[in-house]
Amino acid sequence: MENTATTTKNSKKKLSLANMFFLFKYKNYRKLLIANSISRFGDSIDAIAFSWLVYMFTGSEMLLGITFAVNSLPNLLFGAFTGLLADRLNKKKLIIYSYLGRGMSVAIISMLYYTNTLSLWHIFALTAFNSTLEILMHPAVTAITPELLPEEAFTKASAFSNSLYRTLELIGTGMAGIIIAQISITGALVVDALTFFAGAMIISTMKLEAKEKEELPEALNLKSGLREIKEGFSYIKLNKFIMMVIVLFAVINFCLSPLNILTPIFTDKVLLGGPETLSILLMSLTLGTIIGGVAVAALAHKFKGNSLLITSSLIFGAVYALLILPSVLTTGAVIVSSVCFFLMGFMVPGMTAPINGYILSKTDKRYLGRVSGIISLIATGVMPIGAALTGVMAEYLAASLIFLIMGAIIIVTSLYMWLGGRLSTH
């Protein structure tokens with residue numbers, strides 16, 4: 001591990017971001033960043049290749065939906081437990097084994113598909129296994145980050161890495177069709193598997209400073225595991241800021257369900273467009289996120305307290321609500337919608353980066369894995385509820401009106417927390 005104690009003295013000067021790639025001077029973090037970037041690129045290819053594989057294999061939209069529902073189950077079932085493992089076990093090894101396991105699962109699917117021996121249960125089982133390893137790795141990555149960077153870099157690192165990952169996802173999505181056309185679905189899945197193996201190899205070269213092993217209360221078993229997970233919930237409960245962050249993110253994720261589900265309907269019925277128009281909206285959202293990440297990395301130090309978080313969430317909610325406008329416009333509806341999607345993407349890093357930075361710097365390192373796992377569990381656990389409610393609302397309300405309602409909820413929640421001082425870190 002780099003000597004963060006000696007770098008902290010001059011950190012404000014060094015982290016001025018005159019060079020946008022300042023993070024690369026931290027050798028171990030650079031390796032983590034590169035490994036994650038490579039795997040994100042592979043994931044974006046896999047997202048299209050695997051969706052197409054399942055649809056071609058089953059010929060059923062319903063089974064396609066069920067497959068992706070199975071993909072979300074491990075987070076709900078094991079999210080808090082994976083955080084516990086990240087706190088107890090060697091984080092570097094967890095990341096390596098997760099990469100290796102995910103690479104093997106994707107490779108097995110590609111082999112079974114290529115040899116015409118793939119069955120539906122293979123898809124369900126390997127999808128669940130892959131997803132479980134992914135949520136196992138996430139809290140480990142969060143928990144290892146304080147060992148790789150000085151505290152002052154956390155917020156900027158979160159914004160910069162998010163922007164970098166989204167850029168590579170965008171590139172991978174654009175290349176996926178070409179790769180599938182040139183070397184087949186099997187070949188695209190092999191490419192994804194190789195990115196995982198490459199990530200594992202890069203992480204294995206990280207040289208971390210040996211730490212004095214903390215004495216754990218007892219061996220890990222069901223009883224002790226449940227108790228330590230409970231301790232994680234208790235730690236969060238005692239931290240007012242983290243509690244409010246979870247509530248805010250849960251509300252935002254809940255309100256985003258209509259955007260995820262109804263955008264194709266909004267494109268068809270409001271914008272009178274097809275797949276090309278839908279692609280423009282999604283590209284605008286992604287491009288906004290990329291540019292927003294760079295902007296936050298460069299300017300985050302100019303915001304005091306939680307002004308960046310509050311400002312971003314308020315603007316995000318307002319722009320979301322403004323998606324009502326295309327339904328009443330006679331011209332320019334696609335342009336207005338694209339601008340709204342771009343601005344929403346631009347605001348995302350302003351909401352996530354300050355939170356990640358605070359959690360990394362202020363959370364007791366003994367609880368960091370559990371806190372990360374629990375936040376992910378709760379914040380994403382509301383999404384199926386939002387999806388179900390969206391289906392009901394869509395039977396009676398237009399998509400643009402639902403967007404207005406959800407945007408208003410985000411605004412009201414943000415104002416409530418801001419005016420009530422509930423997002424104060426002091």
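Biologist: Which backbone oxygen lies 2.8 Å from a polar atom of the side chain of Ser337?
Modeller: That's the backbone oxygen of Ala333. Keep in mind that this is a predicted model.

Biologist: Okay. And where's Ser337?
Modeller: Ser337 sits in helix α12, which covers residues 333-362.

Biologist: Is Ser337 buried or exposed?
Modeller: Buried, because its relative accessibility is 0% and the cut-off for buried is under 20%.

Biologist: What does Ser337 touch, leaving out residues up to four places away in sequence?
Modeller: Phe266, Leu271, Leu281, Leu323 and Pro326.

Biologist: Let's look at α12 and α9 together. How do their axes cross?
Modeller: The axes of α9 and α12 come within 12 Å, and the crossing is at roughly 155 degrees. Angles over 145 degrees count as roughly antiparallel, so that's what α9 and α12 are to each other.

Biologist: Which residues make the contact?
Modeller: On the α9 side they include Phe241, Phe249, Leu259 and Phe266. On the α12 side, Ser337 is one of them, and Phe341, Met344 and Tyr358 are also among them.

Biologist: Left-handed or right-handed crossing?
Modeller: α9 passes α12 in a left-handed crossing.

Biologist: What about α9 and α15, how do those axes cross?
Modeller: Helix α9 is residues 240-270 and helix α15 is residues 399-419; their axes come within 8 Å and cross at roughly 165 degrees. So α9 is roughly antiparallel to α15. The crossing of α9 and α15 is left-handed.

Biologist: Zooming out, how many helices and strands are there in the protein chain?
Modeller: There are 15 helices and zero strands.

Biologist: And how much of the chain is buried?
Modeller: Of the 426 residues in the protein chain, 49% are buried. As for contacts with a separation of 6 or more, 87% are between residues 24 or more positions apart.

Biologist: What's in contact with Pro139, leaving aside neighbours within four places?
Modeller: Thr82, Gly83, Ala86, Gly369, Ser372 and Gly373. Pro139 has a relative accessible area of 1%, so it counts as buried.

Biologist: Switching topic to α5. How many residues does it have?
Modeller: Helix α5 has 24 residues, 91-114. From first C-alpha to last it reaches 35 Å, close to the 34 Å expected at 1.5 Å a residue.

Biologist: What goes on at the start of α5?
Modeller: A side-chain oxygen of Asn90 reaches to within 3.1 Å of the backbone nitrogen of Lys92.

Biologist: And what follows α5?
Modeller: Asn116, with a positive phi near 60 degrees, although Asn116 is not a glycine. Asn116 lies in the loop between α5 and α6. With 72% relative accessibility, Asn116 counts as exposed, because the cut-off for that is over 50%.

Biologist: What about Leu272, what's its phi?
Modeller: Positive, about 55 degrees, and Leu272 is not a glycine either. Leu272 is in the loop between α9 and α10, and it is exposed, with a relative accessible area of 70%.

Biologist: Last one, Thr195. Where is it?
Modeller: In helix α7, residues 154-204. A polar atom of the Thr195 side chain lies 2.5 Å from the backbone oxygen of Asp192.

Biologist: Is Thr195 buried or exposed, and what does it touch?
Modeller: Its relative accessibility is 8%, so Thr195 counts as buried. Not counting residues up to four places away in sequence, Thr195 touches Ile38, Ser39 and Gly42.

Note on methods:
Residues are numbered from 1 along each chain as its sequence is written. This is a predicted model: local features need pLDDT of at least 70, side-chain atom pairs count only at pLDDT 80 or more; totals for chains, interfaces and linings use all residues. Side-chain values use heavy atoms; hydrogens and water are left out. Helices (H or I, at least four residues) and strands (E, at least two) are DSSP runs, numbered from the N terminus. Buried means under 20% relative accessible area, exposed over 50%, partly exposed in between (1.4 Å probe, protein chains only). A polar contact is a pair of N or O atoms within 3.5 Å; within protein, one must be able to donate a hydrogen and the other to accept it, and residues adjacent in sequence count only if both atoms are side-chain atoms. Contact means heavy atoms within 4.5 Å. The expected span of a helix is 1.5 Å times one less than its number of residues. Axes are lines fitted to C-alpha atoms, for helices over the stretch in contact, and angles run from 0 to 180 degrees between N-to-C directions. Angles under 35 degrees count as roughly parallel, over 145 as roughly antiparallel, 65 to 115 as roughly perpendicular and the rest as oblique. A crossing is left-handed if the near helix is turned anticlockwise from the far one by less than a right angle, and right-handed if clockwise.
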